Amino acid sequence: MSHAAITEVVMAVTNASGVSLSLNDRMIAGFLSLFIGAFLVFGAGLANSSVLHDTAHDVRHSFGFPCH
Amino acid sequence: MIVKTLLAAICAGLIAGSFMTAAQELRVVPLILEAETYETAPLPGAPEAEGYPAAHEHSSRAGGSLFPSLASALQLVTPAYAHESAGQEAGHADGGIMFGLSRFSGTLIANLVTGAGFGLLLAGLGLVTSTPPTMRNGLVWGALGWLSVHMLPALGLPPELPGFPAGDLGDRQIWWLMATVLSALGLGLIALRKEIWAKAAGLGLLALPHLYGAPQPGDLASPVPAVLGAEFAVAALATTLAFWLVLGAVSGAINDRFLNTA
């Protein structure tokens, strides 16, 4: 892919979203966001800790996380 | 800028989590509390009342692992911890809600954390696929999130009340995670790609966990009335649908309002 084509793709991607992040920043933000989000959901929904389980008990059931 | 994007996602998640707490207290928690009164009662004619296995063999994950300590650290929930709330009422000292909070506070905090988590996952997927939630597509994002995290996995593992019979917890959590990830990938392929092969592959990914089959309990007997279970399954799926629609719409609104101009 030529340099011009890459630039075009990057611009298209940036414009399509309407968020003024560069492609690189977008990927960093995206994966950081996915990582932190997965960590939080894991902690509240699935983690191996009786304290976390008890605190989140009703939430685990009502979100349909496998529980008990 | 990255921080602002993450904060927007967390903010949307906190709003959806607060909303979810209200919906849960109205529709779901009363059913859980009612089921727990049956859960501790012995099943007529059965010496072991609880539907979950009292003791189970370690699965293949635990044995023969190259990294036993890593495996145990990453293990989801051990049988000893399973069913803590019933044990807690029966006088076990282990566990308990953190910081000595009330049950409602614990639920609120867990909803906020879960909401922020799903909000970040939604934003992350939006960023990685270059299709962030907006006012226009926020509800679609929410609906797809609900399908992949709740509805499709529920086809194999319906939302269950305390005291319901269920297969091995670790196996169910692994299956649930796989079903969720594969459903999200499948729906993503169907929604974001135009090619016919992508849509076919997406359908295949949706079907895969169900062809494999969710772990099922050996014995279906339960002390909890079936009507409660039916009401609970509907209430859980309805409240989570509302949660995801709010999450998608609020994420889209925040993105449109604050991130466009930044």
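1. Conventions. Residues are numbered from 1 along each chain as its sequence is written, chains are lettered from A and ligands numbered from 1 in the order in which they are written. In this predicted model local features need pLDDT of at least 70 and side-chain atom pairs count only at pLDDT 80 or more, while totals for chains, interfaces and linings use all residues, and side-chain values use heavy atoms, with hydrogens and water left out.

2. Confidence. Where pLDDT is low, the predicted coordinates should not be read in detail.

3. Fold of chain B. Chain B has 9 helices and 0 strands, where helices (H or I, at least four residues) and strands (E, at least two) are DSSP runs, numbered from the N terminus. Among the contacts in chain B with a separation of 6 or more, 78% are between residues 24 or more positions apart. Of its 262 residues, 45% count as buried, a class that means under 20% relative accessible area, with exposed over 50% and partly exposed in between (1.4 Å probe, protein chains only). The chain exposes about 12,700 Å², of which carbon and sulfur atoms supply 70%; accessible areas come from the Shrake-Rupley method with a 1.4 Å probe, and for residues only the protein chains shown count as cover.

4. Largest pocket. On a 1 Å grid over the protein atoms alone, a pocket is an open set of points with protein on both sides within 12 Å along at least five of seven lines, a cavity is a set where a 1.4 Å probe fits but cannot get out, and lining residues have an atom within 4 Å of a point. Grid points are joined across faces, edges and corners, and a volume is the space filled by probe spheres set on the points. The largest pocket has a volume of about 960 Å³, and its lining comprises 34 residues, with Leu34(A), Leu121(B), Leu125(B), Thr180(B) and Ala184(B) nearest the centre. Two or more lining residues come from each of helix 2 (23-45) of chain A and helix 5 (103-128), helix 6 (138-156) and helix 7 (169-192) of chain B, and helix 7 of chain B gives the largest share, 11 residues. The lining divides into 26 nonpolar, 7 polar and 1 charged, where Ala, Val, Leu, Ile, Met, Phe, Trp, Tyr, Cys and Pro count as nonpolar, Asp, Glu, Lys and Arg as charged, and the others, Gly among them, as polar.

5. Thr239(B). This residue lies in helix 9 of chain B and is buried, with a relative accessible area of 5%. Not counting residues up to four places away in sequence, Thr239(B) touches Met20(B), Ala23(B), Arg27(B) and Val28(B).

Methods:
Contact means heavy atoms within 4.5 Å.
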